[in-house]
Amino acid sequence: MLLVYGLTNPSTPCAARSLKGRLAQTLGRWPFLMPLALGFLTGLNLCPPFLLAFTGAAWTGSLGLTFIFFNTLFVLMLYTGRTDVYRAIFFIVIAVGFIIFFITNLIEVRGSMVLKPENMICGQAPFCHLAIPSIIVPAALTRTIVFPGSLATGFANVFAMVVLWVGASLTLGRGWCSWGCFYGGLDEGFSRLAKKPRLKHIDRRWTYLPYAVLGGVVLVSTLTLSPAYCEWLCPFKAVTEFPAVTSFKLGVQTAIFVSLFVGLVIVLPILSKRRIQCGLFCPLGALQSLTNKINIFEVRIDRDKCVDCGRCISLCPTFSLDEASVRQGRTLLSCTRCGKCMDHCPKGAISYHIKGTKLGVSAEKARALFLYPAFLFGTTIGGGMLAGAISRLLKLVTTGSMF
Amino acid sequence: MLRLKAFLGYTLAVLATPLVMVTFLASGPLPSILVKATGLTLSPWIDGDVVRQAVDRGAYQVLLHRPVFDGLVGERKQGFMQIDWTPLSALPGRVAEEVDFDEDGQADFRLELDVQTSQATLTPYNSKAVSIEGVYKLETARAVRVVLRNPRK
């Protein structure tokens with residue numbers, strides 16, 4: 001795919017350019033082959049959620065729509081040189097698609113969004129990546145997984161998600177939070193609703209909160225041998241599944257879920273135009289920040305081009321830039337590689353960069369090398385769910401029911 | 001040195017795309033291998049731990065799970081024991097069982113369950129049996145969890 005990109009984008013000094021030949025001529029003559037070729041990479045793969053949705057979604061044409069949607073966005077991303085605007089569309093649609101797909105499946109299988117105690121005893125709760133900080137230390141100390149899900153079989157089992165998380169951490173670092181996380185798009189979507197921020201000044205000290213939440217979640221989970229984040233703090237319980245309110249404790253927990261969702265995912269992102277849940281609360285985001293250290297990609301600022309206008313600092317959705325970091329030509333550890341700063345930098349001073357290479361020499365090459373795995377990861381994790389969601393919506397339109 | 005670092009950087013960057021593909025392909029078969037390799041299991045606080053004894057009652061069986069007191073370090077003062085009646089189709093309207101959870105030769109509590117209404121009654125014979133945590137309608141069984149005091153604490 002890198003070869004295809006390099007051959008079809010003449011402004012790009014791609015690593016594979018020297019291999020120009022018949023393929024270049026062919027693609028140059030029939031550029032529509034590129035999206036088709038990309039389709040194989042961004043859609044036709046063997047990940048379980050995709051195959052699961054494939055069986056139910058193929059007949060409605062939703063699969064085709066998903067292919068077209070993904071490939072159009074990716075081609076636009078490559079040809080226009082703009083990253084964030086197309087990534088955001090992709091990211092938000094994946095999140096909405098996930099919610100539709102997940103809730104309708106729950107209702108179809110269980111009859112409601114309620115997670116019954118019986119489901120938990122039998123290990124039937126789908127595992128999501130946000131629970132990872134809760135399970136790591138208890139697993140190391142007690143050799144047990146403190147989450148009521150299946151360890152290795154069925155949809156969204158614990159180890160499958162851990163494998164995906166490790167893969168994402170190695171390839172994207174905290175890029176996971178802007179390319180792979182199927183909750184992040186909700187936060188992002190609401191942060192883009194208002195034209196101007198009403199809440200302009202947020203104290204930088206709040207950026208330490210995710211690390212405090214991470215520490216608290218790990219500690220409480222270890223001491224109680226239970227998934228503390230899922231039980232008490234997850235805002236996304238409000239739009240996925242939650243325990244039936246059968247006691248005062250469960251009532252309090254549900255009230256917390258709803259309050260956090262309304263506050264951190266809807267209201268504060270609208271007011272601040274920032275991703276508050278992702279940037280100032282999510283414990284997995286904090287843990288994921290550490291993986292930026294071992295990841296080969298990073299975002300760098302060319303100090304020769306930078307005019308210190310501060311636009312990137314004021315726009316960064318996850319508070320990953322400040323004056324000091326800009327002076328050093330780097331982002332903070334929490335950078336999610338969303339590309340917003342790059343798209344809005346008036347001097348084009350910010351770019352993706354590969355560690356170990358010379359700054360500014362091959363920014364386009366670094367961008368391409370990051371976008372392929374990032375987009376591939378996002379489409380693979382979200383493709384099946386989006387196809388499933390489109391299928392449900394088409395069913396709703398044609399039959400009046402989503403089921 | 002700079003050229004070597006750049007070469008390694010580009011190599012790792014190029015490998016990121018195939019690594020993503022391998023990650024997704026591996027997310028199917030790898031979990032089972034990892035579970036076996038690590039020996040990790042579901043927490044007993046969630047699944048009720050292993051069945052310690054199966055009591056045959058003719059048409060149905062009573063499965064007595066190992067009492068769970070596991071803590072982070074050592075054991076907790078309070079835990080629970082899960083008792084299953086199975087198969088569901090063979091259960092009479094009302095079932096009862098006397099349980100000796102600490103295996104000292106004397107029953108610690110008697111548990112009665114109305115299968116239709118899922119109402120359970122606990123009759124403690126000593127202070128070790130505290131209360132009923134919950135009654136659960138499983139696919140092929142009815143399960144009851146009884147809160148217990150740890151006799152070793």
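**Reading helix packing and a chain interface**

Modeller: In this predicted model, the axes of helix 8 of chain A and helix 16 of chain A come within 8 Å and cross at roughly 70°.

Biologist: Which residues of helix 8 and helix 16 of chain A make the contact?

Modeller: From helix 8 of chain A come A:Ile132, A:Pro133 and A:Ile136, and from helix 16 of chain A come A:Pro283, A:Leu284 and A:Leu287. Sorted by class, the residues of this contact of helix 8 with helix 16 of chain A are six nonpolar, no polar and no charged.

Biologist: How should I read the packing of helix 8 of chain A and helix 9 of chain A, and what is the angle?

Modeller: Two packed helices are described by the angle between their axes and the distance between the axes. For helix 8 (residues 132–142) and helix 9 (residues 158–172) of chain A, the angle is about 105° and the axes are 12 Å apart. Helix 8 and helix 9 of chain A are therefore roughly perpendicular to each other. Here A:Ile132, A:Ile135 and A:Ile136 in helix 8 of chain A meet A:Val158, A:Met161, A:Val162 and A:Trp165 in helix 9 of chain A, a contact with seven nonpolar, no polar and no charged residues.

Biologist: What are the angle and axis distance for helix 12 of chain A and helix 16 of chain A?

Modeller: Helix 12 of chain A packs on helix 16 (residues 283–291) of chain A at about 105°, with the axes 7 Å apart, and the two helices are therefore roughly perpendicular to each other. A:Pro210, A:Tyr211, A:Val213 and A:Leu214 in helix 12 of chain A meet A:Pro283, A:Ala286, A:Leu287 and A:Ser289 in helix 16 of chain A. This contact of helix 12 with helix 16 of chain A divides into seven nonpolar residues, one polar and no charged.

Biologist: Turning to the two chains, how much area is buried between chain A and chain B?

Modeller: The size of an interface is often given as the accessible area lost when the parts come together. Between chain A and chain B about 3800 Å² is buried, and carbon and sulfur atoms give 77% of that area. The contact takes 50 residues from chain A and 44 residues from chain B.

Biologist: Which element gives the largest share of the side of chain A that touches chain B?

Modeller: That share, eight residues, comes from helix 20 of chain A. By class, the side of chain A that touches chain B has 33 nonpolar, 13 polar and four charged residues.

Biologist: Which backbone features deserve attention at A:Arg143 and at B:Pro87?

Modeller: Most residues other than glycine have a negative phi, and most peptide bonds are trans. A:Arg143, which is not a glycine, has a positive phi of about 60°, and A:Arg143 is found in the loop between helix 8 and strand 2 of chain A. In chain B, a cis peptide bond with omega of about -5° joins B:Thr86 and B:Pro87, and B:Pro87 has its place in the loop between strand 5 (75–86) and strand 6 (94–99) of chain B.

Definitions and conventions: Residues are numbered from 1 along each chain as its sequence is written. Chains are lettered from A and ligands numbered from 1 in the order in which they are written. This is a predicted model: local features need pLDDT of at least 70, side-chain atom pairs count only at pLDDT 80 or more; totals for chains, interfaces and linings use all residues. Side-chain values use heavy atoms; hydrogens and water are left out. Axes are lines fitted to C-alpha atoms, for helices over the stretch in contact, and angles run from 0 to 180 degrees between N-to-C directions. Helices (H or I, at least four residues) and strands (E, at least two) are DSSP runs, numbered from the N terminus. Angles under 35 degrees count as roughly parallel, over 145 as roughly antiparallel, 65 to 115 as roughly perpendicular and the rest as oblique. Contact means heavy atoms within 4.5 Å. Ala, Val, Leu, Ile, Met, Phe, Trp, Tyr, Cys and Pro count as nonpolar, Asp, Glu, Lys and Arg as charged, and the others, Gly among them, as polar. Buried area is the accessible area (1.4 Å probe) that two parts lose on being put together, summed over both.
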